[in-house]
Amino acid sequence: MKTSLLVASTVAAAVAGSLVAVAGPAPDPTYKAEKCYGVNVAGKNDCGARGHGCAGESHVAKDPNSWIYVPAGTCTKIEGGNTTPKAS
């Protein structure tokens, strides 16, 4: 009985370990892009700074220090979009 518990625990740990995602910025897009700060949806940023540094970690929408990739030349056409983070 203890052997089956040990085997079950080992399998559970292996499965849980494989489900853990490695945090980091979003991969580079396949199109010519620029980073656009201040236009993200909460939890849908590609990366950012000041409080978090990884994709999907922004807790607020339109975070001036979180960015998303947009096609090059379009960021400043989006309301609130800026190609540099807000200075603190």
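1. Let me start with Cys75: it counts as buried, at 0% relative accessibility. Buried here means under 20% relative accessible area, exposed means over 50%, and partly exposed is in between (1.4 Å probe, protein chains only). Cys36 also counts as buried, with 0% relative accessibility.

2. A word on what you're looking at: this is a predicted model, where local features need pLDDT of at least 70, side-chain atom pairs count only at pLDDT 80 or more, and totals for chains, interfaces and linings use all residues. Residues are numbered from 1 along each chain as its sequence is written, and side-chain values use heavy atoms, with hydrogens and water left out.

3. How many disulfides does the structure hold? There is 1, taking a disulfide as a pair of cysteine sulfur atoms within 2.5 Å. Cys36 and Cys75 form a disulfide, with 2.1 Å from S to S. Their link is right-handed, with 75 degrees about the S-S bond.

4. What does that link tie together? Cys36 sits in strand β1 (residues 33-37) and Cys75 in the segment after β3 (66-71), so the pair connects parts that are 39 residues apart in sequence. Strands (E, at least two residues) are DSSP runs, numbered from the N terminus, as are helices (H or I, at least four).

5. Now for Cys47, which is buried, with a relative accessible area of 7%. Cys47 is in no disulfide, and its nearest cysteine sulfur, that of Cys54, is 5.7 Å away.

6. Cys54 is in no disulfide either; its nearest cysteine sulfur is that of Cys47, 5.7 Å away. Buried or exposed? Cys54 counts as buried, at 17% relative accessibility.
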